[in-house]
Amino acid sequence: MSGWDTWLRERDELRRQRGIDRFDAVLRQGGPQAETRDPLDLASNDYLGLARDARVVAAAHEALARYGASATASRLVTGTLPVHRDLEAALCRLTGQPAGLAFSTGYAANLGALTALSGRGAEIVLDAHAHASLHDAARMSRVPYATFAHNDPSALDRELAARAGRRVVVAVESIYSVLGDAAPLRALVEVCHRHGALLVVDEAHGIGVAGGGRGLVHELGLAGSRDVVVTLTLSKALGSQGGAVLGPTAIRHHLVNSARSFIFDTGLAPASAAAACAAADVVAAEPSLSAAVRANAATIAGICGIEQAAGAVQSLPMPSPEAALAAALDLSAEGVLVGCFRPPSVPDGVSRLRVTARADLSGRDLREAARLVARRAAAPGDGGSAGTVGWPRAGDAPSPARGLLSVLATPPGAADE
């Protein structure tokens, strides 16, 4: 056995001991739920149900037929297509930003923004709970970086005061993906403005949910602010794939010339760009979708006995990684998919069930699923020993949904509770 084999085996065993081993299981077959009997999905990021919306899918089909399956090159060679311009314009209309630049993923958008906006002589300061892509971007920027206490403007003020006279990029999320809490953006903007810092706000979990779907930056009247840059993903509420950076026109031009994750990457696939463009227009025209997410989030939080989070994600702490995984597996067997967040994916080290509200869930199905989640979270047991809980391996078909069958089979118009 080679040294690499030994190292890989040791790492695998360490993950099992800590209860954080992961597998990319196939849990959904796709297609209409009535045909495939897929579990009720409270785990994905398709907050508005737009990934299967007929208008969004039709736009993707049309772009596929017109442009083919790929942009075929970097955006700076021949990869920029009319659909990319249409997408960027739609995102600006939705968010109230003056200019936008589409990237192949939200991760690439964060990498491009932080690496291109920092550089020699700059420093980066991150909220301690910021997404992994922002932390990776800070590392890849090869400039000094630090974190400040989560959602604490006073802590940020102290960090920036200690860097007086330096060029500083501050990065936060508008709504956080694990706890689901909102950033105090107005206070953070005031601190950054006072110290001459640039604030990058990742709206991955704000778009489609906050501000009638237009995001928390727009809701708070901060859209178009000269010292605020917005990043977002197209793969959550917009039901597609890709990412974008939005802000002043000068920022966009700088990124086109400096963001390596834009310059050296093939352009966003045209079908994904067209789907996200259509989704952005739907969100702008139908604020009732974001209202439905918030209403369903309130239902989940109320039944589970937790305080409602600011976004779609409702977070239930669990006593251990093993207990969280066991609960998620049990719920899957009962026909409900929930997220299972364990270290190192959780910023505070607390394992959680992450239950996601979606606009396209019916009241009765949602309530029954939330009751199952509440019961399982309230009696987690010891979760078994680490490494003994089996998760379906990649390529396995999910088991037919058990439990919830009486709910999912309820005929339309049946009396609700």
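A residue is taken as exposed when its relative accessible area is over 50% and as buried when that area is under 20%, with partly exposed residues in between. In the predicted model described here, Thr-72 has a relative accessibility of 62% and therefore counts as exposed. Thr-72 belongs to the loop that runs between α3 (54-67) and α4 (75-79), and its phi is near 75°, a positive value in a residue other than glycine.

A positive phi in a residue other than glycine also occurs at Asn-151, where the angle is near 55°. Asn-151 is likewise a loop residue, placed between β4 (145-148) and α8 (153-161), but with a relative accessibility of 19% Asn-151 counts as buried, because the limit for that class is under 20%.

On the surface, a nonpolar patch is formed by Trp-4, Trp-7 and Leu-8, which together present about 400 Å² of accessible area. Of these residues, Trp-7 is found in helix α1, which spans residues 3-18.

The largest cavity has a volume of about 50 Å³, and its lining consists of Arg-75, Ala-102, Phe-103, Ser-104, Ser-261, Phe-262, Asp-265, Thr-266, Gly-267 and Leu-268. Strand β2 (99-103) and helix α12 (260-263) each contribute at least two residues to the lining of this largest cavity. When the lining is divided by class, four of its residues are nonpolar, four are polar and two are charged; Arg-75 and Asp-265 belong to the lining, and Arg and Asp are among the residue types that count as charged.

The second largest cavity has a volume of about 40 Å³. Its lining is made up of Thr-95, Gln-97, Glu-203, Ile-207, Arg-214, Gly-215, Val-217, His-218, Ala-223 and Val-230, and these residues divide into four nonpolar, four polar and two charged. Gly-215 is one of the lining residues of the second largest cavity, and glycine is placed in the polar class under the scheme applied here.

Key. Residues numbered from 1 in each chain as written. Predicted model: local features only at pLDDT ≥ 70, side-chain atom pairs only at ≥ 80, totals over all residues. Heavy atoms only, no water. Patch = residues over 30% accessible without salt bridge, like charges linked within 9 Å, V, L, I, M, F, W, Y side chains within 5 Å. Areas by Shrake-Rupley, 256 points an atom, 1.4 Å probe, with all protein chains shown as cover. Salt bridge = Lys/Arg side-chain N within 4 Å of Asp/Glu carboxyl O. Helix = DSSP H or I, 4+ residues; strand = E, 2+ residues; numbered from the N terminus. 1 Å grid on protein atoms, 1.4 Å probe; cavity = no way out; pocket = protein on both sides within 12 Å on 5 of 7 lines; lining within 4 Å. Points joined across faces, edges and corners; volume = space filled by probe spheres on them. Buried < 20%, exposed > 50% of the residue type's maximum accessible area, 1.4 Å probe, protein only.
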